[in-house]
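Here is a short briefing to read alongside the structure.

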Amino acid sequence: MILTSVTDRSKYSNVWVVAEFLSDKIQPVTYELVGAARKLADKRSSKVWVVAMGSGISQQVGSLFAYGADKVIVVDDSRLSGFIDELEADVLARLIGKYNPEIVLYAATARGRALAPRVAVITNCGLTADCTGLDIDPENGDLLQTRPAFGGNIMATIRSSNHRPQMATVRPRVMRALEPDPDRTGEVIHETVEMSDMLKIKRIIDVFHSDETTVNLGDAEIIISGGRGMKGPEGFELLRKFAAKVGGAVGASRAAVDAGWIPYSHQVGQTGQTVQTKVYIACGISGQIQHLVGMQSCDFIIAIDKNPDTPMMQLADIAIVGDVFEIIPEIMNELSKM
Amino acid sequence: MKIVVCIKQVPATNEAKIDPETKRIIREGLNSILNPFDTYAIEEGVRIREKFGGEVIAISMGPEKAIEVLREALSLGVDKAILLSDKEFAGSDTWATSYALAKAIEKIGDVDLVICGKQAIDGDTAQVGPGIAAHLGWVQATYVMKVEDIQDGSIKVRRMREDGYDICEMNFPAVITVLKDINTPRIPSLKRRLAARQAQIPVWKPADIGADTDKIGLDGSPTRVVKTAPPPAKKNVAKRIEGTPKECAEALVRELRMRSII
Ligand SMILES: Cc1cc2nc3c(=O)[nH]c(=O)nc-3n(C[C@H](O)[C@H](O)[C@H](O)COP(=O)(O)OP(=O)(O)OC[C@H]3O[C@@H](n4cnc5c(N)ncnc54)[C@H](O)[C@@H]3O)c2cc1C
Ligand SMILES: Nc1ncnc2c1ncn2[C@@H]1O[C@H](COP(=O)(O)O)[C@@H](O)[C@H]1O
């Protein structure tokens, strides 16, 4: 909605998170968004609300308080099973009109990226995609949204001063969830789907789960990732063995994926997955910015490269200068000795 | 069937370099290309027409130069192309872009299906497709990996999701955004390419599509870029390990043990 006066502005308060569900199960990205929302709400002296839309989800929302939510709006309705973009957008837009949040955060997932732009148009609000940084402008309270642009070569800061609420999507594993506090509680508000929401509808005929489309790198503690330096599919065979040895998952740079050495589902980076593992071992990856944005917040980064001067070798906590084909077998040997 | 394909001209960002002094993108000599995802949108539109009849119209909003990608679309088999170009459109964000494209689609009239690429590689937002659907009040399916079936005024598609995919069916008119998995685009024939070079491509201004000038361009855009900066600086100085492969491996494993990583 467009702001035309200062009093308009004060009508909007609180930071909302739209909870992400897959097959009616709450997804970890929701807790990460709540963590980010908490920081913003504290700076605005306001509250964190979560909107949970789905079917049979009421029992799951309790955990949201532990992670920092103050209020949860639950819309639990069998018609919200599966992802019906149009219906969810209508419900959410109506709730936004009713409660006037100042900020709304969505997960930048397949679902969130379909839902958020629809809501932004209906409510006449700005929307910033795939934010990597969110902050409050201390001067006027506006949301400052930072995101990579031009293939990650530049970070742009975006604001939407004349519209409320301010909306942003954030990819999974970009923000950090807070340590859950089991003693924290909050209020649950129940809302319903209304006939006026049901304008248009699609029919979900079937849902298929497959491991092929997504290798969930985020679940691993260690990622062994390879780039063009792995030279071919055989190089990735070596990485698979290495990963099996340390109980890790295999990641890849886009160059390796484009060369057809490993499927896209393993790609890390701006056009692949964002990961935040304990350990990331980059083997023969130069570390162009598009790759770095997907892994730079891993706790401990190890790089193996012939060239000591690559961006990855600068970023890493440990940089090993040498040939991956000589060093990796030695590391595996060394690990066998344990 | 009447199909509209929305296509965008984008800088070939994989060639983009940062000027170390000004920290800005060096745009000189940067090539402009058809957004890679939009090639798949064009191909899918053409395939649907080949099977079910009708026509495919490509539209693009951008500077005059964007006519190049419309010619490319013609060479790839679309029947008509229209450019939305005017200084009033300049600076549009995804809200304003999807508004202008929606107005153009209304003006074309009787459209059954709009096909967009998954996202444009310059902004990577994936917001314009759902934005168009919302402005038109139509149903949408994003991240489509396969068109399963089309019949009796409805379309059945396979949508990607984080843990697999679903199959959903919706009535026309509808908007879909497509992934690379959906098809393998054809190579244009020389004959088509020559014909595309000659084609007359109409240029529409805001007034031609009845666009409210308060809703387009920089002024019609709810978001505003207020700052650009180089990506965050490197977080620390690496601890370097050098030596024979065996020495390197031993040193690394020692470090990992010390930190209780393994
Ligand atoms: C819009 C856009 C989005 C992008 N998205 C992504 C993305 O999501 N993810 C991504 O990864 N990239 C992405 N890229 C591409 C990115 O810019 C780089 O091109 C890519 O990451 C490079 O991959 P690489 O490091 O494997 O290859 P290179 O840059 O070629 O690096 C290979 C490295 O291997 C080393 N090497 C070679 N042989 C050996 C050996 N025997 N032993 C040890 N080291 C060796 C070399 O010294 C070099 O450092 C994107 C680009 C654009 C424009
Ligand atoms: N200026 C434009 N003209 C025509 N189509 C566009 C334009 N911008 C975006 N699109 C379409 O919307 C899709 C998503 O773009 P984006 O939301 O910018 O990532 C693209 O793949 C195009 O199909």
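What is the handedness of the crossing of α2(B) and α5(B)? The crossing of these two helices is right-handed. Please keep in mind that this is a predicted model.

**Helix packing**

- In chain B, helix α2 (residues 67–75) packs against helix α5 (residues 190–198) with the axes 8 Å apart and an angle of about 140°. Because of that angle, α2(B) counts as oblique to α5(B).
- Across the two chains, helix α5 (residues 110–123) of chain A meets helix α4 (residues 128–136) of chain B, their axes coming within 8 Å and crossing at roughly 40°. α5(A) is therefore oblique to α4(B).
- The passage of α5(A) over α4(B) is a right-handed crossing.

**Ligand 1**

- You will find ligand 1 between chains A and B.
- It has 31 residues around it, and the nearest are Ser253(A), Thr271(A), Ser286(A), Gln290(A) and Asp305(A).
- Two side chains have an N or O atom facing ligand oxygens: for Asp305(A) the distance to an oxygen atom of ligand 1 is 2.6 Å, and for His291(A) it is 2.7 Å.
- A nitrogen atom of ligand 1 has a polar side-chain atom of Asp323(A) at 3.2 Å. On its own, ligand 1 has 990 Å² of accessible area, of which the protein covers 87%.
- Elements of chain A that each supply at least two residues to the shell around ligand 1 are α7 (254–258), α8 (289–292) and α10 (324–336).
- By class, this shell holds 20 polar, 6 charged and 5 nonpolar residues.

**Ligand 2**

- Ligand 2 is surrounded by 18 residues, with Cys6(B), Ile7(B), Asp38(B), Ala120(B) and Thr125(B) the closest.
- Backbone atoms make several polar approaches here. An N or O backbone atom of Ala120(B) is 2.7 Å from an oxygen atom of ligand 2, while one of Ile7(B) is 3.3 Å from a nitrogen atom of the ligand.
- A polar backbone atom of Val128(B) sits 2.9 Å from an oxygen atom of ligand 2. The protein buries 97% of the 480 Å² that ligand 2 exposes when taken alone.
- In chain B, β4 (55–61), α3 (94–108) and β6 (113–117) are the elements giving two or more residues to the shell around ligand 2. β4(B) gives the most, with 3 residues.
- The shell around ligand 2 divides into 9 nonpolar, 7 polar and 2 charged residues.

Notes. Residues numbered from 1 in each chain as written. Chains lettered and ligands numbered in written order. Predicted model: local features only at pLDDT ≥ 70, side-chain atom pairs only at ≥ 80, totals over all residues. Heavy atoms only, no water. Near = heavy atom within 4 Å. Polar contact = N/O pair within 3.5 Å; in protein donor to acceptor, adjacent residues only side chain to side chain. Areas by Shrake-Rupley, 256 points an atom, 1.4 Å probe, with all protein chains shown as cover. Helix = DSSP H or I, 4+ residues; strand = E, 2+ residues; numbered from the N terminus. Nonpolar A, V, L, I, M, F, W, Y, C, P; charged D, E, K, R; others polar. Axes fitted to C-alpha atoms, helices over the stretch in contact; angles between N-to-C directions. Parallel < 35°, antiparallel > 145°, perpendicular 65-115°, else oblique. Left-handed = near helix turned anticlockwise from the far one by under 90°.
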